[in-house]
Amino acid sequence: MAQYTRVSGSVGLITLQNPPVNALSAAVRLGIGEAVQRALGDQEVQSVVICGQNGLFCGGADIREFGKEMTGPPLVPMIHAIEAATKPVVAAIEGSALGGGLELALGCHYRISHCKARLGLPEVTLGLLPAAGGTQRLPRLIGVPAALNLITTGHHVTAAEALQLGIVDQVTEHNAVDVAVKFALSVTGKPLHDRRVSSLECPAAPDLDSLFEEAMLKVRVACVQAVRAAATLPYARGMEREKALMATLFGSGQARALQYFFFAQRAVGRWSTPGGARWDTSQPRPVRTAAVIGLGTMGRGITVALAQAGLSVVAVETQAKQLTEARKAVAGMLKRAAVRRGTTPEPGSITYSDQLQAAARADLVIEAVFEDMEVKETLFRQLSAVCRPDALLCTNTSSLDVDHLASQTRHPHLVLGMHFFAPAQAMKLLEVVYGARSSPTAVATAMQLGKTMGKVSVAVGNCRGFAGNRMLKRYLEQAFFLLEEGATPEGVDRALEEFGFAMGVFRMSDLSGLDVGWRVRKAEGLAQSGLTGPSARVRQGRRYSPLGDLLCEHQRFGQKSGRGWYQYEPDPWLHRFLEEYRARHGLLPRRIDQQEVLERCLFVLINEGFQILEDRIVAGPEDIDAIYVLGYGWPRHRGGPMFYAHMVGLERVAQRLEHYHQAHPEVPYLQPCGLLRRLVASGSPPIHRWRRAIAGPHSQL
Ligand SMILES: CCCCCCCCCCCCC/C=C/C(=O)SCCNC(=O)CCNC(=O)[C@H](O)C(C)(C)COP(=O)(O)OP(=O)(O)OC[C@H]1O[C@@H](n2cnc3c(N)ncnc32)[C@H](O)[C@@H]1OP(=O)(O)O
């Protein structure tokens with residue numbers, strides 16, 4: 001787990017060996033400790049270099065160990081022993097030095113970095129703080145303001161930035177281990193006292209108190225308190241403070257949720273379908289040229305995302321005015337992104353056309369035209385005639401039937417959904433929707449393309465709304481019912497925002513436009529105007545709220561029309577409208593507390609998530625959690641809806657759903673679904689065991 005060799009006569013080389021990221025597991029810590037002792041005891045050795053195998057220094061503490069009882073030698077004394085060594089120890093940083101990996105490097109006397117390496121203390125993103133001396137050493141090395149920034153944001157820095165900040169001593173374009181060995185030879189015998197970071201004074205900075213106060217308001221308080229200890233206390237007392245603060249975070253629900261989500265994002269890459277296709281047996285095809293059809297907001301974002309991923313893009317829009325506007329808008333988006341990154345936009349990777357024929361040579365086509373089945377059907381028939389027979393034809397539909405579109409083409413096994421989220425160039429989530437006939441190669445290709453675009457791709461089966469929007473429908477519906485029963489948009493949004501959503505459900509609807517859902521409901525035969533009496537609130541034998549439809553009939557489409565659930569100018573209309581609506585339907589308003597808002601909106605969404613698992617639309621709870629955190633603003637520190645259900649307790653979720661179902665028997669989705677009931681009956685196993693309980697047919701259509 002840590003290999004020890006002697007190189008260049010007098011340099012002890014310690015290589016961390018724990019693929020894939022050389023995480024500091026118990027075995028690695030033991031190995032490093034033993035190797036350091038060996039190097040220090042070896043008369044021939046004058047200096048030591050620590051590196052990681054396979055071009056990666058160290059990805060930090062082994063996160064998988066956090067939920068378990070700690071075994072093996074602790075990290076902090078091991079780093080102290082390195083720093084206290086009487087022979088110079090040099091860290092050779094390649095790839096990444098993150099978290100405990102950077103803290104290990106900070107315990108060394110010198111740091112040499114390869115120019116492509118990235119360094120950082122991302123513990124805050126896992127609900128922790130850098131408790132292996134990071135909060136004490138980094139401020140001493142680079143000063144409080146820069147250290148606070150790195151520790152409280154978790155941002156990684158490049159090697160060049162690390163050199164400028166003073167984290168590393170040298171950056172090289174050559175083999176960092178070779179350079180570090182030469183460097184180690186050159187510093188043999190030199191005094192080490194001022195190379196021990198823990199013995200340095202924190203560099204003075206003006207007005208530290210106001211800096212800490214300002215930081216306290218913005219970020220994780222524990223990180224700020226730990227860095228404050230570095231600035232105000234001797235090193236040993238600072239370390240005690242760091243440890244005590246870490247202890248308060250270590251077992252917290254927030255830390256567990258963030259660590260779960262770290263692995264969930266990676267688990268979704270190991271996709272499988274009920275038909276037996278799998279990530280490790282399906283080979284993606286290379287995609288070099290992609291065509292985007294339809295250059296509205298989504299099409300423009302997708303074009304930018306593809307171009308930024310290095311693909312050559314053919315952007316097609318048949319309406320001349322829209323094409324001219326899109327060309328300008330895409331150029332602007334690419335320019336702004338390049339400015340943000342400090343690069344120049346790559347010209348020439350996008351060609352524009354008003355002819356579908358321009359897509360003829362593309363490896364893959366993504367249509368992003370108007371959300372209307374007839375329009376898309378026609379387009380898929382045309383694409384099937386125009387494009388190469390082996391081209392993948394993808395739809396960006398957010399809810400339409402992918403199998404039906406596939407049936408319009410000559411090669412249905414090459415048809416898929418690629419459901420992007422707005423703004424497509426920025427949002428991390430991509431739902432890859434496979435149809436009944438999609439080939440494993442097609443799924444693997446779309447999943448890989450998502451990854452190339454820097455997205456987290458989740459494989460999802462074909463059903464109405466796929467996974468994300470199918471769950472969203474139940475959530476929105478409960479929010480409407482709550483308004484009928486006496487709640488206000490402000491009250492519902494407040495409860496959800498206090499829970500952690502960036503935006504409550506009504507604010508979110510106003511932003512994305514109420515007319516989008518209205519159009520879908522009209523196409524489904526749900527939105528009907530002019531109905532009165534009890535039939536106005538029932539559709540297909542179930543409770544239905546026409547509130548969203550009525551707002552649209554009043555031209556309240558959300559922010560785009562200046563009015564929606566909120567008034568963007570003084571206007572008491574909405575509350576009067578709700579009062580009149582309730583009176584018309586004989587609904588007695590009641591006081592609804594935050595707990596009911598949260599339970600009805602979130603538990604019904606979770607229940608639909610269990611139904612989606614049971615229907616085998618996705619392979620595991622991690623898929624749903626990745627979709628909700630990355631695509632729908634579910635608070636990351638709560639892990640995702642399925643992880644939240646696990647934390648709340650499945651029994652409680654089922655009980656509360658049952659309670660609300662008894663109060664609202666006309667809402668069938670409030671009844672706990674079969675999988676949830678089976679899990680409760682089998683003793684509510686932890687989330688990583690749910691997959692075992694999932695079985696049954698997958699298609700919903
Ligand atoms: C009771 C109270 C006690 C209190 C006691 C207080 C004292 C405690 C002292 C302990 C102090 C510890 C302080 C240190 C903390 C940490 O270091 S936390 C970890 C910080 N590090 C990170 O967050 C880095 C996470 N990893 C990454 O960002 C990336 O993986 C990478 C290193 C940049 C590499 O990226 P890439 O090449 O894209 O690979 P991935 O696909 O992301 O990962 C490959 C697989 O490796 C797994 N993995 C990655 N990092 C870790 C890790 N640190 N631990 C375990 N596993 C890791 C990753 O999950 C992938 O595997 P799969 O999930 O199987 O796909």
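## A buried aromatic pair

F480 is buried, its relative accessible area being 11% (buried means under 20% relative accessible area, exposed over 50%, and partly exposed in between, with a 1.4 Å probe and protein chains only). F506 is likewise buried, at 0%. The model is predicted, so local features need pLDDT of at least 70 and side-chain atom pairs count only at pLDDT 80 or more, while totals for chains, interfaces and linings use all residues. Residues are numbered from 1 along each chain as its sequence is written, and side-chain values use heavy atoms, with hydrogens and water left out.

The structure holds 19 aromatic pairs. Rings of Phe, Tyr and Trp (its six-membered ring) pair if their centres lie within 6.5 Å; planes under 30 degrees apart count as stacked, over 60 as edge-to-face and the rest as tilted. F480 and F506 form a stacked pair, with 6.3 Å centre to centre and 20° between the planes. Because F480 belongs to helix α17 (residues 468-484) and F506 to helix α19 (residues 505-512), this pair ties together parts that are 26 residues apart in sequence. Helices (H or I, at least four residues) and strands (E, at least two) are DSSP runs, numbered from the N terminus.

## Further aromatic contacts

The rings of F577 and Y581 have centres 6.5 Å apart and planes at 35°, so this pair is tilted. Both residues lie in helix α22 (residues 573-584), four residues apart, about one turn of the helix. An α-helix has 3.6 residues a turn, so residues three or four places apart point the same way. F577 and Y581 are both buried.

One aromatic cluster is formed by Y475, F499, F501, W634 and Y644. The charged end of R638 sits over the ring of F499, 4.1 Å from its centre, and R474 lies over the face of Y669, at 3.2 Å from the ring centre. A charge sits over a ring if NZ of Lys or CZ of Arg is within 6 Å of the ring centre and within 35 degrees of the ring normal.

## Helix packing

The axes of helix α9 (residues 221-232) and helix α10 (residues 235-250) come within 8 Å and cross at roughly 170°. Axes are lines fitted to C-alpha atoms, for helices over the stretch in contact, and angles run from 0 to 180 degrees between N-to-C directions. The crossing makes α9 roughly antiparallel to α10 (angles under 35 degrees count as roughly parallel, over 145 as roughly antiparallel, 65 to 115 as roughly perpendicular and the rest as oblique). A222, Q225, A226 and A229 of α9 meet G238, R241, L245 and L249 of α10, where contact means heavy atoms within 4.5 Å.

Helix α11 (residues 253-267) packs against helix α24 (residues 621-631) at an angle of about 105°, with the axes 9 Å apart. The two helices are therefore roughly perpendicular to each other. On the α11 side the contact involves Y260, F261, A264, Q265 and A267, and on the α24 side P621, E622, D625, A626, V629 and L630.

## Enclosed elements

Eight of the eight residues of helix α3 (residues 100-107) are buried, so this helix is largely enclosed by the rest of the structure. Among its buried residues are E103, L104 and G107.

T445 lies in helix α16 (residues 440-452) and counts as buried at 3% relative accessibility. Not counting residues up to four places away in sequence, T445 touches P284, R285, V287 and L392.
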